[in-house]
Amino acid sequence: MKAILDHANEHNYGVMAVNSVNMEMVRAVITAAEEERSPIIVQMGVGQMSKLAHMEDIVPLVKVIAERATVPVALNLDHGGKLEDEIRAMQAGFTNVMIDASSLPYEENVARTKTIVALAHGMGISVEAELGHVGQAADGDGRTDDMYTNVEQAVEFVKETGVDALAVAIGTAHGKYPEGFVPKLDFERLAELKAALKMPLVLHGGSGSGEENLKKAVAGGINKINVATDAFQAAKAAVLAKLEEDPKADYLTMEMAAEAGVKQFVKDYIHTIGSNDRYTFEDVDNGSKE
């Protein structure tokens, strides 16, 4: 993931990190990225793996699909908290792990992050951490200044831990926002963070943040955008549409509809955040694109 985000940081665009919980989602996400010539990050959280996307099943699946892809694909552990979960992910083949100790005191966040960085870097795995706290949309979190990332503290945190990417809190929240609510992001703080850190920055809670907010966030220095809720909603909407069209549709038909829905959603999102055509090969002999 470090290579993907370093390129995005250098060239000022965003990369989707899509929480994918089954074969259909993984295939939809990677296929969409291939068709748009975009890098992509597949990820899943510990809770998602305990419920459906079992690590021993889904990691080999992601590897098979990713290895035949013609664009860069990373596999990220989303919101790891426990040491044993981080180690399991590293051993299983995740190419990046996120350590989320953002709800703990600053010193504990630093200590835990340093431990994960030492372990991961020794295995050639990159690390994302979070400073500030991205709360839950349903609870109204993410809207208060005391949860936002402090610029001076962020500089110190990165220097002490050696993380490869930093998730910052600028006003978004995880999950689904109340109907009609669009978060107000602190773009001035984002600009200060980017200027001070000059590294890949991550926006958690990308779902429901609004297209203009996303475009402005990427322009301001966000390079990785986490998307779960909106991707799940795209799959659900596609299935419901198929059932309305054909109430007798079977499970196979519904799964195919879900995959197509997620694929189109990802393709559209890729254009919003500017990662399309970043991995297009120009044939110098005849000018054709492959």
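Start by selecting Lys198, in the loop between helix 8 (187-197) and strand 7 (201-203). Helices (H or I, at least four residues) and strands (E, at least two) are DSSP runs, numbered from the N terminus. This is a predicted model, where local features need pLDDT of at least 70, side-chain atom pairs count only at pLDDT 80 or more, and totals for chains, interfaces and linings use all residues. Residues are numbered from 1 along each chain as its sequence is written, and side-chain values use heavy atoms, with hydrogens and water left out.

Stay on Lys198. Its phi is positive, about 55 degrees, although Lys198 is not a glycine. Lys198 is exposed, with a relative accessible area of 62%. (Buried is under 20%, exposed over 50%, partly exposed in between, with a 1.4 Å probe and protein chains only.)

Next, select Asp277, in the segment after helix 11 (251-273). Asp277 also has a positive phi, near 65 degrees. Asp277 is partly exposed, at 46% relative accessible area.

Now show helix 2 (residues 23-36) and helix 4 (residues 55-67). They pack at about 25 degrees, with axes 10 Å apart. That makes helix 2 roughly parallel to helix 4 (angles under 35 degrees count as such). Axes are lines fitted to C-alpha atoms over the stretch in contact, and angles run from 0 to 180 degrees between N-to-C directions.

Display the side chains there. Helix 2 brings Met23, Val26, Arg27 and Ile30; helix 4 brings Ile58, Leu61, Val62, Ile65 and Ala66. Contact means heavy atoms within 4.5 Å.

Finally, zoom out. The chain has eleven helices and eight strands. Of its 290 residues, 53% count as buried.

Technical notes
Angles under 35 degrees count as roughly parallel, over 145 as roughly antiparallel, 65 to 115 as roughly perpendicular and the rest as oblique.
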